[in-house]
Amino acid sequence: MSLVSDLIAVLGRDRVLDDRLDSWTYGKDAGVFRGEADVVVLPESTEEVAEIVRVAERHSTSIVPRGAGTGLAGGAVPVDRNVIVSMIRMNEITDVDPENRTAWVGPGVVNLDLSRHTEVHGLHFAPDPSSQSACTIGGNVGNNSGGPHCLAEGTTVNHVLAVEVVLAGGEVVTVGGGAPDPIGLDLRGILVGSEGTLGIVTKVLVKLTPNAPDVRTLLCAFDSVEDAARAVSGIIAAGVVPAALELMDQRMTEAVENWLKAGLPTDAAAILLAEVSGGTAAVKAEAAVIREVATSSGASSVSLAADEAERQILWKARKSAFGAVAQTAPDYYLHDTTVPRTRLVEAMTEAYAIGDKYDLVMMNVFHAGDGNLHPLMTFDASQPGSFERVRAAADEIVEMCVSKGGVLSGEHGIGKEKRDLMGLMFDAPALDAQARIKEAFDPGGLFNPHKILPQGSRCFDFGRTVPVPDGAWI
Amino acid sequence: MAYVTSEAPTRRELSACVQCGLCLPHCPTFRLTGRESAGPRGRLMAMSAVLDGVLTVDEAFDDAMSYCLQCRACEAVCPGLVPFGRAMEGARAELDAQRPSTRRSVRKLILGSVLPNRRLIGLATFGASVVQRLRLGRLLPGPIRSPFNGMRSLGGRQSWVGREALPAQDPIGTIGLLAGCVMDSWFGPVHDATIGVLTAAGYRVTVPEQQTCCGALAAHDGHTAVTRELAETNRNAFADVDLVVSDAAGCTAHLKDYDHWVDGGFQAEVRDATELVAELIDTGRLPIVPGERGTVAVQDPCHLRHAQRITTAPRSILSAAGYTPLEIDPDALCCGAAGIYSVLHPDTSQELGARKASQVLGSGAPVVASANPGCEMQLRSHLDGKIAVAHPVELYWRALSESRLDTSSRSGAL
């Protein structure tokens, strides 16, 4: 039997998509890479996922798990003629435990839907990527996603207590647990952020965070990006760790304002969005400190969101920024690197200089609080050589950030995009250690091949990507 | 073969999409299926692929495009300002040109020739009223039964077409009201209310004889030639008014798009009745009616909220009428009526209709307000008589009339 008919036997005709149009539409995520899938499947249960894994193994076909396809590093983009496993229909929220503040959720649950669902208990899921209205918990787990509020709350790994995962051979295991310090090796920690290269997560026990009794959001406008970046270090040096601290430069603000009409100060060179949350007295005091530091760093204006509606619109402005860029050019390349906060000012200046050097329009909107830069370059892919220029500039920015003590990726993952830059961060033994973990989980190279680890990571690498069929000569 | 018509989605329209995916949770068909090709991003990708010669206008393309409700919820949340509704109408025009079928020809005939024909609509209305009176609705075939069950009781009304209504004092301006293909004969009380409210605000309201169907349904289904003809007829019929007003949100959305279909579009500005009435209340031309009338669930028609971005108007009208508006759906997902969609994709339509009805009932309100005839029929059909359905302007007009009666009887007693 063929791969497709075996999959149909498991899932039925409706949830196996093998038309050219379907493979094409699953060939991309929100980033810049395109591949083409062989077949797309939409499982609804752990058992079905396990069966899909077995079928794929039997046919020596690799598997790419996919959430909402809002990733930017090509993690969900097929490289070979893979089977794409879309987890979107596994979207049940079960066992919400308000007392222990946990919930078991399917990987296809949309991030924001989870927080909406638990709102009645005064709880939410803290990681809030800008794509949170669309991205899934499974995708968040795969990429160890961050978001503006990870400054105070930490990234996804801090909010996942356990995962159920389908491993090679279709084996189903649950790692981690509700206890604060589960015994044994922390496989949960290894699986979170593994981008589907070790197995397929089919269920997640998430930690829920109480909604803060009081929240204040300040909008500070600056005449220069450097002043805004300086204010960021200043605020944290003054002893305040805001819930979120976000910076947006003028080009970005203009694009967003053109769509949202939120009343953003488009004449400012940069705006800083600072949010503090907690008890009313503390929030009030922290907001006062932020106002003071911003002003002494040269802010031309500081305003406080008057009510929840105004606060929501400020966040909508921030979180829709990338999409808004589409108004300015047909394509964009959004970057994700990190530098120590203290070196933010110089890193920003150098990033703009690299943009100028390659004659690219660069915009910035990023998680300033944790030094997570998102330089964004617009281009037109139909112009020959333009994408290569962007990639060259992007690589140079990564190198610059790493040389300042930063890391390759803040939150978007490595995927296909930064795989070949891993050498900037890790030496051969460090890459080999990671490759050995991959091999232990996935000896046949079945799960999301060609992602994260560059070719040759494993010492004595044979470059195997698909299992060798029985009886074949090697 | 790539695209063959001048209406085809253009590179410019399509390249505005950067595949960020923020539209996905707002798309009803993506929510139901989880399939990329059933979501805006996938549909746009497929349209681009045809433009690039990667895909053709084949059966799969037809399925993906035809499954779209054209609710335009994606458009309202798109930070990249992708004109999705436009692109989809272009894709439908291509289907019309490249994949002719009997079903398409029948639809073209109904949407392009029957709907704009007042005599045929009159006949159909008479037939429907007979079926209503004899209670034979249950004998109708499934896909038609549901909209039929959603109809108001028919018959015994004088048409507004060719008539006008004058305010008590010198008019502050002239409004041309779109009679609509079925609004006039099926939703007469909504026209009565709209005309009553607008004359109370001081306008002269005319319902020009020469007008015809707005053409929205023909445009959505890709019948471009007839869409243009209808637009042209209406432009001429409404040449002498200060404002063009429609009390059917789907029609208003399309009228506002006329500059695409006919050179220059309307001379006068186009306003939805809810938009204009809310403004007249705001500026004090219409009163805030005293008294409390309880709660009302607000259903946002897609072509009011997403296509025209009108959200506060129906709520402020209802508040001014003494009601407490209740929210039923933060995502404002389509109710599944979507023009002729309920007949073409009954299963999806039923699923969305049932979902919307349960949200409405969950609010506990004794009445739900909807500013579009299609949504109203879908709601009434799925609510099965449990609670009342009315246009927001209708509820305001009732409240205003009651309070005037009160005032006049009280002043009579004095």
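Predicted model: local features only at pLDDT ≥ 70, side-chain atom pairs only at ≥ 80, totals over all residues.
1. Strand 14, which covers residues 270–278, runs antiparallel to strand 12 of chain A, and the two are joined over nine bridges.

2. Strand 12 of chain A also pairs with strand 15 of the chain, residues 299–304, again in the antiparallel sense and over five bridges. In this pairing A:F222 stands opposite A:A299 of strand 15. Strand 12 itself, spanning residues 214–222, is mostly covered, with seven of its nine residues buried.

3. Turning to the contact between the chains, 31 residues come from chain A and 27 residues from chain B. On the side of chain B that touches chain A, the elements giving two or more residues are helix 3 (40–51) and helix 4 (59–66) of chain B, and helix 3 gives the most, with four residues. By residue class, that side of chain B comprises 18 nonpolar, seven polar and two charged residues.

4. Helix 3 and helix 4 of chain B also pack against each other: their axes come within 10 Å and cross at roughly 145°, and the crossing is left-handed. From helix 3 of chain B, the residues B:R43, B:A46 and B:V50 meet B:F61, B:A64 and B:M65 of helix 4. The residues of this helix–helix contact divide into five nonpolar and one charged, with no polar residue.

Technical notes. Residues numbered from 1 in each chain as written. Chains lettered and ligands numbered in written order. Contact = placed C-beta atoms within 7 Å. Nonpolar A, V, L, I, M, F, W, Y, C, P; charged D, E, K, R; others polar. Axes fitted to C-alpha atoms, helices over the stretch in contact; angles between N-to-C directions. Left-handed = near helix turned anticlockwise from the far one by under 90°. Buried ≥ 20, exposed ≤ 12 C-beta atoms within 10 Å, placed from the backbone. Pairing = 2+ DSSP bridges.
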